Amino acid sequence: MYNLNKTTNKNLKRLCRMARSWKAECSVPISGILIDTLAYRFLSDWEHKDKSFLYYDYMSRDFFKFLKDLDKEKLYWLAPGSGRYVWKGGNFQNKASVAYNLSLEAINHESNDRPYSSKVKWREIYGTKFPG
């Protein structure tokens, strides 16, 4: 995981922290290790993985889309590196779908020069920790 964090401009660690804030704020039934595993899988293929914080709105949107589109019947994923089974604790995909839709609204508000409205939407996802 260290190498991916290094090649992604530290975005792996930051995305995992953001996803943990979402988990806490929205009572998402997903473990920390599953967040790490899925964030790793997502960032491995994401085209903007090495960009700065200016892309965090798109990173959030695309990560929630990635999560919501995962097979709801799948019960486990393999952790990067160890290959350990990481079991799904509950259906997180529905909450990811809600977060995805909120992220679309937030990005739309930002595009229409309504930063306060955008911040409100992001806080529905992440609470007060993100955006700062």
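**Notebook: helices, core and loops of a predicted model**

I began with α3 and looked up its buried residues, which are G32, L34, I35, D36, T37, L38, A39, F42 and L43; buried here means under 20% relative accessible area, exposed over 50% and partly exposed in between, with a 1.4 Å probe and protein chains only. Helices (H or I, at least four residues) and strands (E, at least two) are DSSP runs, numbered from the N terminus.

I note for the record that this is a predicted model, in which local features need pLDDT of at least 70 and side-chain atom pairs count only at pLDDT 80 or more, while totals for chains, interfaces and linings use all residues. Residues are numbered from 1 along each chain as its sequence is written, and side-chain values use heavy atoms, with hydrogens and water left out.

**Entry: overall layout**

I counted 6 helices and 2 strands in the protein chain, and from the N terminus on I read the order of elements as α-α-α-α-β-β-α-α. Of the 132 residues in the protein chain, 40% are buried. I then turned to contacts, meaning heavy atoms within 4.5 Å: among those between residues at least 6 apart in sequence, 60% join residues at least 24 apart.

**Entry: α3 and α5 as helices**

I compared the helix lengths with the expected span, which is 1.5 Å times one less than the number of residues. For α3, with 14 residues, the distance from first to last C-alpha is 21 Å, close to the 20 Å expected. For α5, the 19 residues should span 27 Å, and the end C-alpha atoms are 27 Å apart, so the two values agree.

In α5 I found Q93, A96, A99, Y100, L102, S103, A106, I107 and H109 buried, and I traced the packing of the buried residues of α5 to α2, α4 and α6. As a reminder to myself, an α-helix has 3.6 residues a turn, so residues three or four places apart point the same way.

**Entry: the nonpolar core**

Which residues touch the most other members of the largest nonpolar core? For this I took a nonpolar core as a set of buried Ala, Val, Leu, Ile, Met, Phe, Trp, Tyr and Cys residues joined through side-chain atoms within 4.5 Å. The largest such core has 34 residues, and those touching the most other members are W22, L38, M59, F64, L67, F92 and I125. The elements that give two or more residues to this core are α2, α3, α4, α5 and α6.

**Entry: aromatic rings**

I listed 12 aromatic pairs in the structure, where rings of Phe, Tyr and Trp (its six-membered ring) pair if their centres lie within 6.5 Å, and planes under 30 degrees apart count as stacked, over 60 as edge-to-face and the rest as tilted. One of them is F42 with F66, a tilted pair at 5.7 Å centre to centre and 50 degrees between the planes. This pair links distant parts of the chain, since F42 lies in helix α3 and F66 in helix α4, 24 residues apart. F42 is buried at 6% relative accessibility, whereas F66 is partly exposed at 24%. Both belong to one aromatic cluster formed by W22, F42, W46, F63, F64, F66, W122 and Y126.

I also found the charged end of K68 over the ring of Y100, 5.1 Å from its centre; the criterion is NZ of Lys or CZ of Arg within 6 Å of the ring centre and within 35 degrees of the ring normal.

**Entry: cysteines**

My search of the whole structure for disulfides, taken as pairs of cysteine sulfur atoms within 2.5 Å, returned 0. C16 is buried, with a relative accessible area of 8%, and C26 is partly exposed at 23%.

**Entry: loops and positive phi**

Most residues other than glycine have a negative phi, so I looked up the exceptions. S27 has a positive phi near 50 degrees; S27 sits in the loop between α2 (11-26) and α3 (32-45) and is exposed, with a relative accessible area of 55%. D113, which follows α5, has a positive phi near 60 degrees; D113 lies in the loop between α5 (93-111) and α6 (115-126) and is exposed at 66%.

Last, I placed E73 in the loop between α4 (56-68) and β1 (76-78), where E73 counts as exposed at 65% relative accessibility.
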